[in-house]
Structures are given as C-alpha cells and as structure tokens.
Amino acid sequence: MNIDATVAIDARLVGGTAGGVEHLVAGLASGLSRLRDGNERYLFLTHRASQSWLSPYVKGGCEIVDLGPNPGFTAKALIASLSPTLNRTWWRSLERILQSGRPPSPPPYDRTLEKLGAHLIHFTRQDAFLTRIPSIYHPHDLLHLHYPRFFSDEEIQARDASYRRYCHQASMVAAASSWTRNDVVACFGLPESQVQVVPLAPTLEIVREPKAAEIEQARRRFKLPARYVMYPAQMWPHKNHLGLVEACALLRDKHHMLVPMVLVGRRTEYSATIDRRIRELDLGGLVMLTGYVSAGQLRCLYSTATCLAIPSMFEAGSFPMWDAVLTGVPVAASTVTSLPRQAGGAAVLFDPTSPEEIAEALAS
C-alpha cells in the first residue's frame, strides 16, 4: 500500500486522567508507529500536559502536534460553577445548537486541521467537535440511556445530543463490540454500514513483561498478599465495586474463605461510598484500594493476581478481559452486555446483581 494521507488523531487528554481512553491512544500510537508500508502521516493532537505520557509511543510516521497549553478549565467545571438556573439554561442552549445542524463557522479546531492538511480525524473520545473534515467517531458506550440514574437530567440531555450529532457527522462510527454496534445503530438510527466493530486491544500489549525484581517491588509497594482477586476499574457506580465487596463478605461469612481483593483504579466522588461499605463489613484487612497505577505497575499486578473479577453492570468492551488473556489470568465476569461474547466461554460468568453468584463464581 502506498497512500499519501494525513490522519489526525484526537489525543486531547491529560495522561493518567482518562483511564481506558489513555491506553487506547497509547496503543494506537504504538501500533501506527510500527507501520512501514505506506506514506501516511499520523498526527496526534495534544495539549502540552498530555505529551509526556504519549511521546514514548510516537515514532515512525507518527508525530505529536502541540495545540498549546491545556485550557485552565473544562466545560464541565465551568458549568458546575454556574448557578442551577444558568446551568440548566446552558445545557438547553447546547442541545439546541447541536440538534440544529448548524455548527459554528468555522470551528476553531477545524482551521487547525485544514492547516495541517488532514484528510481524516479520528475522535478517540466521546468529547469530539464539529468539523467539515471526514471523521471516525468512537462513542464508547451509551451508558446514560441504559442507566439514567447515574446522571443528572442535564447530563443525559447533553450526552445524547452531542453523541448523536457526532455519530451522524462521522464517516464511520467505531464500536468496541458487536453488542455496542447494535446498541448505537438502534438508539441513534444509524445505517448499519456506518458502524463498524473495532475490538479493543490489550492495554498491556505495549508494556514489556516485568522482571522479577520489578514484580517484587510492586508486591512491597502495594502490600500484595500471596493470592488475590484483582479488579481494575475507575470507581464509578456502574462498575459495581459494591457487589464485589459484598461477595468478599459472603465468602468470609458463609463460605469460610478469606479471599483478598485488590481494587485498582482512580478514585472518584463515589469512592467514599465504597470506603464506607468496606468499613461497615469490617473488610479492611481483605479489600485493598491502590488508586491509579501506571501501565508498568498494572502489568506487575496481573503477573501476581490469582484471578480477575469484572462485576460491572455495563461494559461496551473490556480492556481488563483482554489484558487477562494476554497475561494468562483466569477471569470471572458479569453476564451483561458485551462481556459474555467477549469471554467466548473462557470465563466463569455470574449475575452482577447477585453478590451470592459473584461469591460462588470466585469460590469455584
């Protein structure tokens, strides 16, 4: 293949704050940097704060384009600072703009893309922007439509309006699984040919296998037990950490099994609820929370884990499940959304709404 094309990739995020999207972008950069069969240019659009974590993976035909310093505030932070009345007014205005089909003229990032000579823009996050240039949009999931209780009315309206607009704008919509593809097609009325399944790659594929000394250092740093169940996920309600905590108590009280659990992932405002339930069940010695860990540290944790648990109530596609396959760790996972098909019979499945089933699956 010999194509002269310039592809822009939206990497406007700060390393360590975007969870799976950060890994997705790093993996994309690593893979594209290894291509040697064409004249394509891949431009990763970043703010300066994003470049330190991304630069090790950008080589070959890839390069970083500096969009300048990250703005001192995000739209979400600005809206949160407004009075409730202004807040509601802002969201309604945004929805009307997005549904009107009349984008700002010209969008500021659109001018940047044109100056770079970009033929295509790949939006790796749900937070895209309107553009005249052909685009690939990755909506990730439509959680707000399936679990509206986790969002305010304003958030639901804004998510639905913006995701819908960016999907209809896109030349191609990428979905992590066939379940998500069908969901996006049905909810947004898109032609089936517009939405393609692009499976997630293991996030740890770009991380070398750790040495024994590095694994031992991780054991000491995180005070890891000899055997433990691991769950890597940011602490959002739908990730169902509470179900796993309840199962840990059942294993102790009904099965007479002490099963240490290591919960890996960035803390959120919901973390206080998880902390409180751990204290109520007197699980301080069994359930450990590491907070955010680097990709190298995460690979060390997989190297020493006995089992991976995925008790999530909703998954468009699971990075941890692919990481477990890569590192040879057994998996116990929910029977919801994309997970059963992704497991392909290679995991013990359970009902995530039943702590008893979670406990039974882990006991097996």
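Select helices α10 and α15: they cross in the right-handed sense. Right-handed here means that the near helix is turned clockwise from the far one by less than a right angle, left-handed that it is turned anticlockwise. Helices (H or I, at least four residues) and strands (E, at least two) are DSSP runs, numbered from the N terminus.

This is a predicted model, where local features need pLDDT of at least 70, side-chain atom pairs count only at pLDDT 80 or more, and totals for chains, interfaces and linings use all residues. Residues are numbered from 1 along each chain as its sequence is written, and side-chain values use heavy atoms, with hydrogens and water left out.

**Stop 1: the helix pair**

Stay with α10 (residues 241-253) and α15 (residues 355-363). Axes are lines fitted to C-alpha atoms, for helices over the stretch in contact; angles run from 0 to 180 degrees between N-to-C directions. Now show side chains. On α10, the contact (heavy atoms within 4.5 Å) includes Leu 244, Ala 247 and Leu 251. On α15, Ile 358, Ala 359 and Leu 362 are among the residues that take part. Colour the contact by type: nine residues are nonpolar, one is polar and two are charged. Ala, Val, Leu, Ile, Met, Phe, Trp, Tyr, Cys and Pro count as nonpolar, Asp, Glu, Lys and Arg as charged, and the others, Gly among them, as polar.

**Stop 2**

Buried means under 20% relative accessible area, exposed over 50%, partly exposed in between (1.4 Å probe, protein chains only). Zoom in on Leu 283. Beyond its neighbours within four places in sequence, Leu 283 touches Val 245, Cys 248, Ala 249, Arg 252 and Ile 278.

**Stop 3: strands beside Ala 8**

From Ala 8, go to its bridge partner in β4, Ile 121. Strands β1 (residues 6-10) and β4 (residues 120-123) pair in parallel over four bridges. Two strands pair if DSSP finds at least two bridges between them. Next, β4 pairs in parallel with β5 (residues 135-137) over three bridges. There, His 122 has Ile 136 as its partner.

**Stop 4: a buried histidine**

Select His 140, in the loop between β5 and α6 (143-146). His 140 is not a glycine, yet its phi is positive, about 65°. Most residues other than glycine have a negative phi. His 140 counts as buried because its relative accessibility is 18%.

**Stop 5: the six-stranded sheet**

Show the open sheet with the order β10-β9-β8-β11-β12-β13 and parallel pairing. Its edges are β10 (287-291) and β13 (348-350). Neighbouring strands are turned by 25° on average, direction ignored. Eight of the ten residues of α12 (residues 295-304) are buried, including Leu 298, Arg 299 and Tyr 302.
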